[in-house]
Amino acid sequence: MTLVEKILLSLHTIAGAVWIGSVFMGAFIDTPAAEESVEKGKFPFKFIIGQGRRVFYSVYFGIFQLWATGILLLIVHPPLNSIEIRMMIGKFFFLFIMTAFTLYGTFITWPKIQLATDKEAYTLHKYYNYRAYGTFVSGILGLLLTLWFYLYKI
Amino acid sequence: MNITNVTLKFPSQFSGYINNEKTAQFEGEKFSDFINYLDDTFGYIKERLFDENGELRPYINFYIGKKNIKTLQGLQSEVSNGEKITLLLSRAGG
């Protein structure tokens with residue numbers, strides 16, 4: 001593995017860790033804790049929206065850096081055989097799922113939640129969380145494929 | 001009481017709750033009068049904009065002209081006839 005590949009792979013992994021970590025923290029720790037902190041039936045608007053505003057930057061840093069370094073890695077070291085090609089297709093599939101769910105959240109779900117009633121917000125956030133679980137699982141699988149892809153190369 | 005005419009620039013997520021109206025005509029000269037008009041006319045508007053303490057949700061930003069009402073007198077801000085009222089939501093994501 002060349003020095004350029006090592007640097008790109010490091011940046012790629014950092015971006016994945018930041019994004020996956022942000023989603024994990026939001027979906028599995030912050031959300032249940034926030035819901036426990038308010039009266040039953042009340043949606044924790046301030047906390048959830050506040051968290052969404054802050055996580056925006058880390059998530060979009062992750063998206064941009066993952067796609068940029070992923071494409072550069074593909075250029076400097078394209079897949080060489082059918083196994084690598086399949087792994088690369090899997091990686092892009094998982095990254096596409098993550099990106100699509102995130103963009104849907106930013107442009108559709110978050111604006112609606114900001115203007116929702118308590119009941120509407122709970123429904124919107126429930127489906128948002130399902131997509132967050134999907135993003136998290138896709139991220140983990142994509143990260144594992146990345147590790148296997150490069151360990152396989154080594 | 002004076003009648004105030006305003007033009008509205010709202011995101012589609014909010015416009016849907018007010019029948020996509022682009023203009024409004026309400027009695028009074030304060031921003032609170034405008035909100036009362038929306039709530040009385042379309043229903044459930046205050047519930048979408050205010051928290052349990054009756055304060056505007058912190059991430060919701062209304063502008064009268066180019067000025068955020070938070071930098072004016074909040075809900076008591078004066079709205080001039082012909083003014084444009086804009087709603088900006090916070091960028092959030094993930």
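The points below take the helices of chain A and then the sheet of chain B.

1. A word on the basis. This is a predicted model, in which local features need pLDDT of at least 70 and side-chain atom pairs count only at pLDDT 80 or more, while totals for chains, interfaces and linings use all residues. Residues are numbered from 1 along each chain as its sequence is written, chains are lettered from A and ligands numbered from 1 in the order in which they are written, and side-chain values use heavy atoms, with hydrogens and water left out.

2. Please start with helix H1 (residues 3–36) and helix H2 (residues 45–76) of chain A, which pack at about 155° with axes 8 Å apart. Helices here are DSSP runs of H or I with at least four residues, and strands are runs of E with at least two, numbered from the N terminus. Axes are lines fitted to C-alpha atoms, for helices over the stretch in contact, with angles from 0 to 180 degrees between N-to-C directions. H1(A) and H2(A) are therefore roughly antiparallel (over 145 degrees). The contact of H1(A) with H2(A) involves 18 nonpolar, eleven polar and two charged residues (Ala, Val, Leu, Ile, Met, Phe, Trp, Tyr, Cys and Pro count as nonpolar, Asp, Glu, Lys and Arg as charged, the others, Gly among them, as polar).

3. H2(A) also packs against helix H3 (residues 82–114) of chain A, at about 150° and with the axes 11 Å apart. That makes H2(A) roughly antiparallel to H3(A).

4. It is worth a look at H2(A) by itself. Its 32 residues span 45 Å from first to last C-alpha, close to the 46 Å expected at 1.5 Å a residue (1.5 Å times one less than the number of residues).

5. In chain B, five strands form an open sheet in the order E2-E1-E5-E3-E4, with mixed pairing (two strands pair if DSSP finds at least two bridges between them). Strands E2 (23–27) and E4 (67–68) of chain B are the edges, each pairing on one side only.

6. Strand E1 (residues 3–9) of chain B runs parallel to strand E5 (residues 83–88) of chain B, joined by four bridges. Strand E3 (residues 61–64) of chain B pairs with E5(B) in the antiparallel sense, over four bridges. Do check B:Ile85 in E5(B): B:Leu8 is a bridge partner, and so is B:Ile64. B:Thr7 stands opposite B:Lys84 in E5(B).

Note on methods: Parallel < 35°, antiparallel > 145°, perpendicular 65-115°, else oblique.
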